[in-house]
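Subject: Structure for you to look at

Hello,

Here is the structure I promised to hand over. Please open it alongside this email, and my notes follow below.

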Amino acid sequence: MSVKIDLTGRRYGSLVVIELAVDVPGKKKKWFCKCDCGKKIIVSGSNLQSGHTKHCKDCGLKLSNESKVKHGKTRTKIYYVWQGMINRCDRPSHKSYCDYGAKGIFVCDEWHNSKTFIDWALSNGYKEGLEIDRIDTNGSYCPENCRWVDRFENANNKTNNKIISHLGVERTLAEWARFYGVNYKNLSRNLSKGYSLEEAVEREKSGCRSHRKAGNQ
């Protein structure tokens, strides 16, 4: 029987799909998968694609136990950075999952342990106020692809950045926000209302919060 979606060769967390295992009409398709630890398991395609199953049972249990190791930072900002990263990549119900997990961006296995991630962060330039940034915006969260930057640098590295030409100079929106010393999000919001960059900057500096563009009221 033909398979509408072929998952063969795809990676989901620690699992790599080997071949179709069960294809019964009216039932979920199931796939043979090999975990990085070497064990082979059978997983339904829906559980793979939703992110529900990303490891064999033993590896999943090991990661779960490791994540419970106390590090004394569960109420700190660095812990919330870790939690947000996990949620964006692993939880389909999260508002940003469509831009991360759904696009194949995942968190490496070692960083599913919050203590391991926090230890890496503290040894690699983290300080309060910085944000985690993926060097390759199409790559995943792992030590080789991440660094700590301020919010302007992070915004400047987004895949959906627009280059804005103003006064004969081309810069990203984040760079213009830094140049004029205004709030990045408010500047973006004003531009979305139809204002020019110059008008948007002036509105932000003057504290104007009206909802319509001048002349259209």
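I start with Glu170. Glu170 is exposed, because its relative accessible area is 61%, and the cut-off for exposed is over 50%. Glu170 sits in strand E8, which covers residues 169-172. Leaving out residues up to four places away in sequence, Glu170 touches Ile163, Ile164 and Ser165. Please keep in mind throughout that this is a predicted model.

Glu204 is placed in helix H8. Glu204 counts as buried because its relative accessibility is 13%, and buried means under 20%.

Overall picture

The protein chain has 8 helices and 8 strands. Of its 217 residues, 38% are buried. Take the contacts in the protein chain with a separation of 6 or more: 36% of them join residues 24 or more positions apart.

H7 and H8

In general, two packed helices are described by the angle between their axes and the distance between the axes. Helix H7 spans residues 184-192 and helix H8 spans residues 197-206. They pack at an angle of about 130°, and their axes are 9 Å apart. That angle makes H7 oblique to H8. H7 passes H8 in a right-handed crossing.

Which residues in H7 and H8 meet? From H7 come Asn186, Leu187, Asn190 and Leu191. From H8 come Leu197, Ala200, Val201, Arg203 and Glu204. By class, the contact of H7 with H8 has 5 nonpolar, 2 polar and 2 charged residues. So Glu204, buried at 13% relative accessibility, is one of the H8 residues that meet H7.

H3 and H4

The other pair is helix H3 (residues 77-90) with helix H4 (residues 114-123). Their axes come within 10 Å and cross at roughly 120°. That makes H3 oblique to H4. The crossing of H3 and H4 is right-handed.

On the H3 side, the meeting residues are Ile78, Tyr79, Val81, Trp82 and Met85. On the H4 side, they are Ser114, Phe117, Ile118 and Ala121. By class, the contact of H3 with H4 has 8 nonpolar residues, 1 polar and no charged.

The cores

In soluble globular proteins, nonpolar side chains tend to be buried together. Here, the largest nonpolar core has 23 residues. The residues with the most contacts inside it are Trp111, Phe117, Ile132, Tyr141 and Trp148. H3, H4 and strand E6 (146-149) each supply at least two residues of this core. H3 gives the most, with 7 residues.

Phe117 deserves a look on screen.

Best wishes

Note on methods: Residues numbered from 1 in each chain as written. Predicted model: local features only at pLDDT ≥ 70, side-chain atom pairs only at ≥ 80, totals over all residues. Heavy atoms only, no water. Axes fitted to C-alpha atoms, helices over the stretch in contact; angles between N-to-C directions. Helix = DSSP H or I, 4+ residues; strand = E, 2+ residues; numbered from the N terminus. Parallel < 35°, antiparallel > 145°, perpendicular 65-115°, else oblique. Left-handed = near helix turned anticlockwise from the far one by under 90°. Contact = heavy atoms within 4.5 Å. Nonpolar A, V, L, I, M, F, W, Y, C, P; charged D, E, K, R; others polar. Core = buried A, V, L, I, M, F, W, Y, C linked by side-chain atoms within 4.5 Å. Buried < 20%, exposed > 50% of the residue type's maximum accessible area, 1.4 Å probe, protein only.
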